[in-house]
Amino acid sequence: MKFIDEFRDPQAVKTLITQIGTALKGVDPSRQPLQIMEVCGGHTHAIFRFGLDKLLPEGIEFVHGPGCPVCVLPRGRIDDAVTLARQPGTLLCSYGDAVRVPGDLGSLLDAKAAGADVRIVYSPLDALALAKQNPDKQVVFFAIGFETTAPATALTLRQARQQGVENFSVLCHHITIGPPLRAILDDPGVRLDGLVAPGHVSMVVGQSPYQFIVEEYRKPVVIAGFEPIDFLTALLGVVRQIADGRAEVENAYKRAVQSAGNAVALRAMAEVFTLAPKSDWRGLGAIDQSGLMLSDAFAEFDAERRFGLKPTQVAEPEGCGCAQVLRGQLRPADCPLFGKACTPSAPVGALMVSSEGACAAYYQYRSPQD
Amino acid sequence: MCLGVPARIEAIVDAEQQLVTVALSGVERNVNASCIWPESPETLLGQWALIHVGFAMALLSESEAEQTLSALAAMGAEEHEMADFSGLGGAQ
């Protein structure tokens, strides 16, 4: 979609684009194009799907951030899940998004084809129900995602404990949104000017996890919903802050995001999880205190502990440009692997893995010349 | 998985377990509503909520729900989220 009249409210889109152009006039031309990161994979997909970058003035350039949990899931973690799935008497439950992602041992779907009992579930509660229905099996839930899905895992584990479901455990790879942003901002080669933050994560965590970005790095942050008008409104907020020399966390998604987040979800997460000393990110490497592990109080539900699993480390593939794309130093099509060795049907790098990854979106909606 | 989908709360299934039935495009399923549970649960009836992996995470206005659904549809993500929502059995 590149024609304004295809939007739900074309006039509002037109007005916002004009306002962004006007705000940009207040920004020192030597700073343009501004590099603005859309943190969330949903926003990345929307930008390409709606052709928003083509509609906007040339003074704005998008950097596609690390907020696609399937993309950043390390290959070693997939191998851990496959290893557990292959154990006799085990039933491994995963979200559908993760089962096609290949690790060194193949994908979970490959493991299923080879005879492992792998089930796709919509909710961790479905995995818990399967554990109750199959008392003779060990049921492992492959828990992935940011703070949008972590509360669901936490609340399910509370239920497992209340109901005394002993054959249920969790292979935990929940991650948090702040630390990868810090790792990217700390890179001396990165020149980000502002960030559009994801509304759905903020619904859970509120505004405070972004506060360090404005206080320590002096970059504006605006929280956005997923409608193109929401996104453009947030982008206008970022450009206006840059023009005014301000750096604040603004919320352009007030209809759903409370500044303090969701208290019930945060309490459940605090009870069930603790920060892991270090977590691996596909495309970014290991980042300190960026992921969640089960707290001591819930350690009995930790599949790694229950099955004596040693986490697998798999090196990033050679020649892969994901790390530079995530830092705004390389466009997807400029990666030597893009569209050749690395395609959505045979992804090599993190950002080609899911349709919310920048490279997969670029591959789907753009010609290589764009 | 991570975008979530808006659905309308149709019934309270189990107040103790904080389970409600939600409906979207004629598909119903039970979800856990503990993150949005109010003092008077009946006030939830008819409201829209954003559903993430079997949990209602926030209440939305009807217009916000419509906007989110139209954005998901236009992104081609609605089919994916709906398939997840409808095809994989109800939360117990």
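This is a predicted model: local features need pLDDT of at least 70, side-chain atom pairs count only at pLDDT 80 or more; totals for chains, interfaces and linings use all residues.
Colleague: OK, so is B:S25 buried or exposed?

Modeller: B:S25 has 11 other C-beta atoms within 10 Å, and because the cut-off is 12 or fewer, B:S25 is exposed. Its place is the loop between β2 (19–24) and β3 (27–32) of chain B, and its phi is positive, about 50°, although B:S25 is not a glycine.

Colleague: And over in chain A, where is A:R218?

Modeller: A:R218 is in the loop between α10 (211–216) and β8 (221–224) of chain A, where its phi is near 55°, a positive value in a residue other than glycine. With 10 other C-beta atoms within 10 Å, A:R218 is exposed.

Colleague: Switching to the sheet, what's the strand order in chain A?

Modeller: The open sheet has 6 strands in the order β4-β3-β5-β6-β11-β10 of chain A, with mixed pairing. Its edge strands, each pairing on one side only, are β4 (117–120) and β10 (273–281) of chain A.

Colleague: How do β3 and β4 of chain A pair?

Modeller: Strand β3 (residues 90–94) of chain A pairs with β4(A) in the parallel sense over 4 bridges, and A:S94 has A:I120 in β4(A) as its bridge partner.

Colleague: Which strands does helix α4 of chain A lie across?

Modeller: Helix α4 (residues 75–85) of chain A lies across β3, β4, β5 (138–145), β6 (168–175) and β10 of chain A, and runs at about 145° to β3(A).

How values were computed
Residues are numbered from 1 along each chain as its sequence is written. Chains are lettered from A and ligands numbered from 1 in the order in which they are written. Two strands pair if DSSP finds at least two bridges between them. Helices (H or I, at least four residues) and strands (E, at least two) are DSSP runs, numbered from the N terminus. Two residues are in contact if their C-beta atoms, placed from the backbone, lie within 7 Å. Axes are lines fitted to C-alpha atoms, for helices over the stretch in contact, and angles run from 0 to 180 degrees between N-to-C directions. A residue is buried if 20 or more other C-beta atoms lie within 10 Å of its own, exposed if 12 or fewer, and partly exposed in between; C-beta atoms are placed from the backbone.
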